[in-house]
Amino acid sequence: MKLGDPSLDQLRIFLEVVEAGSFGGAARRMNRAVSAISYGIAQLEAQLAVTLFEREGSRKPVLTEAGEGLLAEARNVADAVDALLAKTRSLHAGLESHLGLVVDVMLPGEVTARVLADFRELFPTVALRLRVEGLGAVVTCLIDEQAQLAIGGPIIGEDPLLERQAVGSVDLIPVAAPAHPLSQSGIAPGESRKHLQLVLSDRSNRTEGREFSVLSPLTWRLGDLGAKHSLLREGLGWGNMPRAMVAADLEAGRLVELDLPEKPGANYKLQALWRRDSRLGPATSWLIDAFRDALNG
């Protein structure tokens with residue numbers, strides 16, 4: 001059996017009849033004559049070689065088994081076309097069709113989650129690609145055009161290719177497990193150099209040869225902040241962590257904040273970064289404002 005190609009209009013008529021519960025109701029909702037609705041359904045049934053509605057013995061059309069089976073597919077087709085049209089209208093209005101975002105690993109996860117949940121509600125047609133990186137790898141994503149916007153830390157320095165805007169900061173504090181020797185009171189200057197320090201490493205080469213708050217010659221370099229967190233809780237070393245990330249551990253006594261004479265903690269300033277040769281669209285601009293509000297709220 002050779003089937004025809006139903007039109008989008010025929011599918012929309014089918015869906016309207018189902019929603020309205022009658023041919024007359026669909027006609028009113030679509031501002032058409034009842035005969036036009038009946039003709040559209042008849043044409044659709046001819047194209048698909050099925051009967052969609054039982055018309056006899058009832059004042060209202062009732063879906064047949066075939067009609068029930070095809071209803072979800074008809075809705076999927078109509079929804080997909082609606083999404084296509086919405087994205088096209090957004091493009092004409094200047095809204096980005098896609099957006100690559102890279103965020104610093106130090107950015108609290110709950111901040112990122114809250115901002116992106118709102119983003120998906122406000123910009124459903126913008127395809128967002130998210131990456132989480134540390135140190136120089138954040139900027140590398142922008143330079144290599146793997147992302148259009150970054151929320152990154154202060155250690156990169158000025159780059160002539162990038163624009164920047166401050167959005168907030170997070171507190172970094174030195175921590176260790178309660179049984180760690182540095183967790184005791186009255187630590188003497190230089191004592192931290194005798195113990196293994198867990199240090200976040202840079203996946204890129206942009207900070208090669210530079211150290212940030214590294215006091216001990218004994219270090220383990222980790223590219224994953226989550227792995228560093230786990231090793232700290234196991235008592236395998238000491239190191240700086242975002243306060244928000246270890247707040248529950250501090251409260252539960254799994255980690256303690258160290259009172260070291262060198263005060264290696266820091267106020268880690270975050271900034272929005274983008275390439276100077278790019279134009280910020282509405283969705284990108286909204287993200288910058290949203291991250292700033294979330295970090296300072």
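I looked up the surface first: the accessible surface of the protein is about 15,800 Å², and 51% of it belongs to carbon and sulfur atoms. Accessible areas come from the Shrake-Rupley method with a 1.4 Å probe, and for residues only the protein chains shown count as cover.

I note that this is a predicted model, where local features need pLDDT of at least 70, side-chain atom pairs count only at pLDDT 80 or more, and totals for chains, interfaces and linings use all residues. Residues are numbered from 1 along each chain as its sequence is written, and side-chain values use heavy atoms, with hydrogens and water left out.

**Overall form**

I find 9 helices and 11 strands in the protein. Helices (H or I, at least four residues) and strands (E, at least two) are DSSP runs, numbered from the N terminus. The C-alpha trace spans about 95 × 45 × 40 Å along the principal axes. I compared the radius of gyration, taken over C-alpha atoms, with the globule rule of 2.2 Å times the number of residues to the power 0.38. The protein has 29 Å, while a compact globule of 297 residues would have a value near 19 Å. Buried residues (under 20% relative accessible area; exposed is over 50%, partly exposed in between; 1.4 Å probe, protein chains only) make up 41% of the 297 residues.

**Helix α1**

I checked the length of α1, residues 8–20. Its 13 residues should span 18 Å at 1.5 Å a residue, and its end C-alpha atoms are 18 Å apart, which agrees. The expected span is 1.5 Å times one less than the number of residues. In α1 I list Gln10, Leu11, Ile13, Phe14, Leu15 and Val17 as buried. Gly21 follows α1 and has a positive phi, near 85 degrees.

**Loops**

Most residues other than glycine have a negative phi. I looked up two with a positive one. Asn31 has a phi of about 55 degrees and sits in the loop between α2 (23–30) and α3 (34–48). Asn31 counts as exposed because its relative accessibility is 72%. Glu145 has a phi near 60 degrees and lies in the loop between α6 (136–143) and β5 (149–152). At 57% relative accessibility, Glu145 is exposed too.

I then went to Arg193, in the loop between β6 (162–176) and β7 (197–200). Arg193 is partly exposed, at 48% relative accessibility. Which residues does Arg193 contact, leaving aside its neighbours within four places in sequence? They are Leu215, Ser216, Pro217 and Leu218, where contact means heavy atoms within 4.5 Å. Arg193 and Pro217 are 24 residues apart in sequence, yet 6.4 Å apart from C-alpha to C-alpha.
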